[in-house]
Amino acid sequence: MIGEASAPASSGNLGPGFDTLALALSLRCTATAEPAETMTITENGSTSRLDPSDMIHRSVDLAVGRPMHITLVNEIPRARGLGSSGAVTSAAAAAAMKSAGGTGDRRRIFEIVTELEGHADNPAASVFGGLVIAAPNGVKQLALHESLHLVVGIPDSKLRTVEARRVLPASVALDVAARTISRLSFLLGGLVDGDIEALSHAGGDEIHEQPRAELSPISGELMDAARKAGAAHACWSGAGPSVLAFTTSATRGRVIGAMGGILGVSGEVLALRPDYEGLI
């Protein structure tokens, strides 16, 4: 029996919401699964055996406890901070469950992928869709205001999450924590209400964006360009190097042009939509 599932990309953190806030985006990974003798994968026309340490192998094993052949069709750029790993593992585990006769239970998939990822924000967005606040034991969905539009600048360069997390501090000072809480409060209010003034106070994260700045200088350039062009809020998308900008209909075109001017031929700028379907 062949099972199929699809999960969206996601942008984690959104600035001050480190490991707790994410937004599902309108790029998708589709996986099919069928029983096999060993764990194998086909992607981009190439088939290989999955190593037991691979997240796809582990997610399928946790989901059904038996070997599967996984085929991926993935439009989410890898290692760019767009939640590809969360989407891939969610889709693969759900497809395996369906192949084994199950329904691809969302709550169980979320638990599996959160365990593998080590943080709940991207898995929550990919599984449940939309704008989410996430913890390993709970998810709260919020309504992104309809006046806000999404623009993503995606450099050609890659930045692996493990490398980006390695530079983060083990602890933060009390004043940094207080400023982060303030930024997050403004961010949530601005995203839900479409309050541009509130969003203007949400930028400048000190917990993950500032420590990672030297890993990807172009990310900072993209954020600066987006803000100068009128973006209400601009932030690293997950662990980068991609940058997500929230705009209005009036500023979207200028922001696209400004970010495109930074990237040139070394990346792409996409106008995306929030994905509210999640895992299907």
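I'll start with a salt bridge: the side chains of Arg183 and Glu206 meet at 2.8 Å, N to O. Arg183 sits in helix α6 and Glu206 in the loop between α7 and α8, so this pair ties together parts 23 residues apart in sequence. Bear in mind that this is a predicted model.

On accessibility, Arg183 is buried at 13%, Glu206 is buried at 16%, and Arg179 is partly exposed at 34%. Through shared partners, salt bridges join Asp175, Arg179, Arg183 and Glu206 into one network.

The structure has eight salt bridges. Another of them is between Arg165 and Asp19, at 2.8 Å from N to O. Arg165 belongs to helix α5 and Asp19 to the loop between β1 and β2, so the pair ties together parts 146 residues apart in sequence. Arg165 is partly exposed at 31%; Asp19, at 17%, counts as buried.

Next, Met68, in strand β5, residues 68–74. Its relative accessible area is 0%. Its C-alpha lies 4.8 Å from that of Ala36, 32 residues away along the chain. Its contacts include Val60, Ala96 and Ala100.

Last, helix α3, residues 106–117. From first C-alpha to last it reaches 16 Å, close to the 16 Å expected. Its buried residues include Ile109, Phe110 and Leu116, and among the elements covering the buried residues are α1, α2 and β6. Just after the helix, Gly118 takes a positive phi of about 90°.

How values were computed. Residues are numbered from 1 along each chain as its sequence is written. This is a predicted model: local features need pLDDT of at least 70, side-chain atom pairs count only at pLDDT 80 or more; totals for chains, interfaces and linings use all residues. Side-chain values use heavy atoms; hydrogens and water are left out. Helices (H or I, at least four residues) and strands (E, at least two) are DSSP runs, numbered from the N terminus. The expected span of a helix is 1.5 Å times one less than its number of residues. Buried means under 20% relative accessible area, exposed over 50%, partly exposed in between (1.4 Å probe, protein chains only). Contact means heavy atoms within 4.5 Å. A salt bridge is a side-chain nitrogen of Lys or Arg within 4 Å of a carboxyl oxygen of Asp or Glu. Lists of a residue's contacts leave out its neighbours within four places in sequence.
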